Amino acid sequence: MKKRTIPNGAVHSGSLILVGASHRCPELPGRELTPVGDPADRVLLDRRAALLLDRLMEAIQGWHGILPVSGWRSRGEQREIWEESMAQNGAEFTRKYVAAPGHSEHQTGLAIDLGERREEVDFLCPLFPDSGLCGRFRRLAARYGFILRYPAGKEAVTGIAHEPWHFRYVGAPHALIIEESGWTLEEYIAHLRRRPWGSDPLRYRGHGLDVSVSYLAASDGGVTAWEPPEDGPYSISGNNVDGFIITRWARGW
């Protein structure tokens, strides 16, 4: 096998980056943003996430009854939302439902808040029920690479209260693995650390996919050396913590 290197700065890029109270949102200068839904809604997402979201909405005719409430936010916009909520709702509510500036998934362009279309929509806590179109979206989300980012009962893990309206793009097969395992993104990242590259990968078979997922720790210094697979396609994402997640596709790319 021929050795290659990965720049360690790539730890902070990719669809699986972990952003939260303990992990700051990295600068993503090469990010491509594109509108979702009606351009008049002025909601932007990462290009790949937007493409998959539109495919999901097309499958269920979702934009007729579902509204994109909030997608990508700049750090400045996140700070305004944080300060406004602090003033109007108080510290307890804000810390439950609003990420601090610099620690919001919305700054990645990979997260979106969705709401049921109605005359009045709460910007911070939009209604997104389990029934109707919203329920159909929820049931299909993982097949298109999206997870419910802040599920009920996982508040101690995520640091955020249950948000049934907040979805995060992580891609395939990761969304399916996370959903079927009952994990959060934090728990998935932690589990993969026990699956080192070249040893014991996490194997997923289902929905026409045959995939293995491994973890490669970032080396000290500017680059990480590794030996990529010689057969079959693969993808690499940083985890925004300490290494890379390598996905090998045997079937279902």
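Helices (H or I, at least four residues) and strands (E, at least two) are DSSP runs, numbered here from the N terminus. The structure is a predicted model, in which local features need pLDDT of at least 70 and side-chain atom pairs count only at pLDDT 80 or more, while totals for chains, interfaces and linings use all residues. Residues are numbered from 1 along each chain as its sequence is written, and side-chain values use heavy atoms, with hydrogens and water left out.

Glu186 is placed in helix H7, which spans residues 185-192. Buried means under 20% relative accessible area, exposed over 50%, and partly exposed in between (1.4 Å probe, protein chains only); Glu186 therefore counts as buried, at 17% relative accessibility. With contact taken as heavy atoms within 4.5 Å, and not counting residues up to four places away in sequence, Glu186 touches Leu18, Arg149, Val157 and Thr158.

His162 lies in the loop between helix H5 (155-158) and strand S7 (163-169), and its relative accessibility of 29% is why His162 counts as partly exposed. Leaving aside residues up to four places away in sequence, His162 touches Tyr97, Leu148, Tyr150, Pro151, Ala152 and Glu155. Although His162 and Tyr150 are 12 residues apart along the chain, their C-alpha atoms are separated by 5.2 Å. A polar contact is a pair of N or O atoms within 3.5 Å; within protein, one must be able to donate a hydrogen and the other to accept it, and residues adjacent in sequence count only if both atoms are side-chain atoms. The side chain of His162 reaches the backbone oxygen of Tyr150 at 3.0 Å, and the backbone nitrogen of Ala152 at 3.1 Å.

Two strands pair if DSSP finds at least two bridges between them. Strand S12 (residues 243-251) pairs with strand S9 (residues 209-217) in the antiparallel sense over 8 bridges, and within this pairing Val211 stands opposite Trp249 of S12. Strand S11 (residues 234-238) also pairs with S12 in the antiparallel sense, over 5 bridges, with Ile245 in S12 as the bridge partner of Ser237. The hairpin of S11 and S12 has 4 residues between the strands, and in this hairpin Asn240 takes a positive phi near 65°.

For the cysteines, a disulfide is defined as a pair of cysteine sulfur atoms within 2.5 Å, and by this rule the count comes to 0 disulfides. Cys134 is in no disulfide, the nearest cysteine sulfur being that of Cys125, 15 Å away. Cys134 is buried, with a relative accessible area of 2%, and Cys25 is buried with a relative accessible area of 13%.
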